[in-house]
Amino acid sequence: MNAHYQTLISAHQLSTQLHDPHWAIFDCRFYLQNPAQGKEEYLQAHIPGAVYVHLEEDLSAPIIPGQTGRHPWPSVEQAAALCSRLGIDEHVQVIAYDTAGGSLAAARLWWTLRWLGHERVAVLDGGWQNWVALGLPTESGEARRSARRFTPRVQPHLVVDVQQVEEIRHAPDWLLVDARMPERYRGEVEPIDPIAGHIPGALNAPHPLNLTPKGKFRSKEALQRRYAKLLGKIPAERTVFYCGSGVTSIHNLLAMLHAGIGEGKLYPGSWSEWITDDNRPIATGEAPA
């Protein structure tokens, strides 16, 4: 296997590898307001050979009311068992796609695999919409893969917990970044979680700004400018991203790594976990200068 994709892959590049047994494609379409819709759309049409992966059933641990966020990070055992069931081992090039420019479950699968030590994983640039727009082949029904033995090589430094976030947000040599839209960050609206606002000390970098109006990632040069301005003198490995539930914030991690800035960290619990404890502070409005 010559190709080794770690961040993004184009539709054309993927179309040449549809029959390679060392490649595995996963359809990660998901809609928060209708969790069953993604699987329904997948059954109607998907990239040939793609297996469906569900954000809440496959890529999240069970919710513990009052303790966890909306999409709890899976255990090593749960995630490794999923990879084995999906037919992933160290030789497999994994490709994930969704309908949100990679910002939903596609990026979540990407980061989960990187956390498990599997670097042969990339997100389809432009997602399902671009694939269809290009007239590339599709199929219906449900595809399956034979199970393989997946051996995790966990990279614990890629995720941080709520106690670490409490320390990081006070540290001048660390950066905490909220990937939600500005109005949610400022606490003006909150369509999902019961409390509005952001973690004090966090800056705002909305994940949709990584994409062009056509839903593809901006050029590496444009992304480099964006993240160089955001990070300043803080190195990538001291930058922590969060969102509402640890899903869309990974899009920023993907964009930053693709641009060559480096690899940041994820706070999986994110805002929906932060607000489960009334003693944790909440900020609203713009970030202080």
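How are H5 and H10 oriented to each other, roughly parallel or roughly perpendicular?

A: The model is predicted, and what follows is computed from it. Helix H5 covers residues 105-115 and helix H10 covers residues 250-258. Two packed helices are described by the angle between their axes and the distance between the axes. For H5 and H10 the angle is about 70°, and the axes are 9 Å apart. Angles of 65 to 115 degrees count as roughly perpendicular, and H5 and H10 are therefore roughly perpendicular to each other. Their crossing is left-handed.

The contact itself can be given by residue. H5 brings Ala107, Arg108, Trp110, Trp111 and Arg114.

Next, the strands. Strand E4 (residues 93-97) is joined to E5 by 3 bridges, and the two run parallel. Within that pairing, valine 94 has valine 121 in E5 as its bridge partner. Strand E5 spans residues 121-124 and also pairs with strand E1 (residues 8-9), in the parallel sense, over 2 bridges. Here isoleucine 9 stands opposite leucine 124 in E5.

An open sheet of 4 strands is also present, with the order E7-E6-E8-E9 and parallel pairing. Its edge strands are E7 (203-204) and E9 (265-266), each of which pairs on one side only. The neighbour of E9 in this order is E8. Strand E8 takes in residues 239-242 and pairs with E9 in the parallel sense over 2 bridges. Phenylalanine 241 stands opposite leucine 266 in E9.

Last, the aromatic rings. A search of the whole structure finds 5 aromatic pairs. One of them is formed by tyrosine 42 and tyrosine 52. A pair of aromatic rings is described by the distance of the centres and the angle of the planes. For tyrosine 42 and tyrosine 52 these are 5.5 Å centre to centre and 40° between the planes, a tilted pair. Tyrosine 42 belongs to helix H2 (residues 37-44) and tyrosine 52 to strand E3 (residues 51-52). The two tyrosines are 10 residues apart, and their pair links distant parts of the chain.

To return to the request: H5 and H10 pack at about 70°, with a left-handed crossing.

Methods. Residues are numbered from 1 along each chain as its sequence is written. This is a predicted model: local features need pLDDT of at least 70, side-chain atom pairs count only at pLDDT 80 or more; totals for chains, interfaces and linings use all residues. Side-chain values use heavy atoms; hydrogens and water are left out. Axes are lines fitted to C-alpha atoms, for helices over the stretch in contact, and angles run from 0 to 180 degrees between N-to-C directions. Angles under 35 degrees count as roughly parallel, over 145 as roughly antiparallel, 65 to 115 as roughly perpendicular and the rest as oblique. A crossing is left-handed if the near helix is turned anticlockwise from the far one by less than a right angle, and right-handed if clockwise. Contact means heavy atoms within 4.5 Å. Two strands pair if DSSP finds at least two bridges between them. Rings of Phe, Tyr and Trp (its six-membered ring) pair if their centres lie within 6.5 Å; planes under 30 degrees apart count as stacked, over 60 as edge-to-face and the rest as tilted.
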